[in-house]
Amino acid sequence: SPRVFSGIQPSGGLTLGNYLGAIRRFVDMQDSGIETLYCVVDMHAITVWQDPEALRRQTRELTAGYLAAGLDPARSILFNQSQVPAHAQLAWIFNCVARLGWMNRMTQFKDKAGKNAEKASLGLYAYPALMAADILVYHATHVPVGEDQKQHVELTRDIAAKFNHDFGTEFFPMTEPVIEGAATRVMSLRDGSKKMSKSDPSDASRINMTDDADAISSKIRKARTDPDALPSEIEGLEGRPEARNLLNIYAALADTTVAEVLAEVGGQQFSEFKPKLADLAVAKLAPISTEMARLMQDPAEIDAVLRAGSERANALAAPILKRTYEIVGMVGA
Ligand code: ATP
Ligand code: MG
């Protein structure tokens with residue numbers, strides 16, 4: 001039967017990219033009645049330096065974001081990765097299954113390690129094997145993610161296939177990435193060739209879920225664009241990544257297609273379109289950020305949600321880990 005797993009790193013505040021590319025899909029899947037597990041992947045976050053106090057705050061804020069956006073702890077298992085040890089335990093097995101050649105092809109590592117890869121943590125390099133464990137420790141069949149995580153879900157399939165082959169079993173399923181919607185890759189507002197990221201040093205590059213109306217409007221007004229008017233058909237967006245990005249965002253927020261948006265706004269200048277986009281973004285995000293702020297006033301309540309979710313996640317993961325250890329030949333009770 002289908003089981004959905006996905007996660008977000010508490011490596012900063014949530015962005016519009018995380019909301020449109022991930023969280024909204026998480027809510028859709030929950031609401032469709034499938035079994036869903038959504039994780040705050042704190043062990044992934046520390047693959048780059050996180051101040052401990054900031055990590056605590058970001059973990060709670062991300063959980064508040066999940067809840068405010070419509071995830072319901074009665075219907076989805078909401079938890080943080082570090083509290084379910086089976087993720088790290090299965091990751092070790094997968095470190096021994098994955099090949100160096102596979103890891104060397106991972107573009108996220110290259111992007112995040114930058115020019116001086118010698119200074120990157122070993123954890124950043126091993127990140128995709130831990131992600132495979134996050135997914136497979138629940139035998140998850142579907143993983144809603146943004147476009148940037150496609151390669152890691154494919155690696156998860158490679159790891160599952162090699163494990164199954166090496167041990168002559170069909171124990172691990174072939175997980176499907178689910179990459180859907182008008183905004184599977186929201187781009188930076190400052191650079192149409194770069195993904196919007198919560199860890200980008202430039203705050204102007206992204207819309208944060210906690211930004212107020214003024215901040216959202218000002219960032220959209222200052223978003224980089226070209227000088228031309230908007231086209232009335234999609235073909236006219238060819239070679240105009242910034243224009244395409246703003247239209248993708250508009251279409252995703254309005255729950256429609258870029259073609260339909262262009263039918264309305266084609267011919268307009270950005271000076272006319274940007275305020276409309278800003279109004280739409282504020283209207284969609286303000287209720288969520290207001291609810292996040294309310295939830296953040298009671299951190300103990302948030303921690304209780306994570307604790308209860310972790311218990312349920314542990315109960316699902318423990319027998320799968322135990323069976324994996326048996327398959328590998330580890331002796332135990
Ligand atoms: P970081 O910069 O720390 O990597 P991030 O913003 O990339 O943070 P992640 O926690 O790495 O966020 O990713 C969480 C989910 O959000 C993933 O499914 C990822 O594909 C999705 N996602 C991240 N950025 C975008 C984006 N710009 N557009 C669409 N989806 C995105
Ligand atoms: Mg990321």
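Helix H10 (residues 241–253) packs against helix H11 (residues 258–265) at an angle of about 105°, with the axes 9 Å apart. Axes here are lines fitted to C-alpha atoms, for helices over the stretch in contact, and angles run from 0 to 180 degrees between N-to-C directions. H10 and H11 are therefore roughly perpendicular, a label for angles of 65 to 115 degrees. H10 contributes Leu-247, Asn-248, Tyr-250 and Ala-251 to the contact, and H11 contributes Val-258, Val-261 and Leu-262. Contact means C-beta atoms, placed from the backbone, within 7 Å. Six of these residues are nonpolar, one is polar and none is charged.

This is a predicted model: local features need pLDDT of at least 70, side-chain atom pairs count only at pLDDT 80 or more, and totals for chains, interfaces and linings use all residues. Residues are numbered from 1 along each chain as its sequence is written, while chains are lettered from A and ligands numbered from 1 in the order in which they are written.

Now take helix H7, residues 122–136. At 1.5 Å a residue, its 15 residues should span 21 Å, and the end C-alpha atoms are 22 Å apart, which agrees. H7 bends by about 45° at Pro-128. That bend is the angle between axes fitted to the seven residues ending there and the seven starting there. Pro-128 is also buried, as are Tyr-127 and Ala-129, among others in H7.

Ala-45 lies in helix H2 (residues 42–45). Why is Ala-45 called buried? It has 24 other C-beta atoms within 10 Å, and buried requires 20 or more. Leaving out residues up to four places away in sequence, Ala-45 touches Gln-9, Pro-10, Ser-11, Gln-50 and Leu-55.

Terms used. Helices (H or I, at least four residues) and strands (E, at least two) are DSSP runs, numbered from the N terminus. The expected span of a helix is 1.5 Å times one less than its number of residues. A residue is buried if 20 or more other C-beta atoms lie within 10 Å of its own, exposed if 12 or fewer, and partly exposed in between; C-beta atoms are placed from the backbone. Angles under 35 degrees count as roughly parallel, over 145 as roughly antiparallel, 65 to 115 as roughly perpendicular and the rest as oblique. Two residues are in contact if their C-beta atoms, placed from the backbone, lie within 7 Å. Ala, Val, Leu, Ile, Met, Phe, Trp, Tyr, Cys and Pro count as nonpolar, Asp, Glu, Lys and Arg as charged, and the others, Gly among them, as polar.
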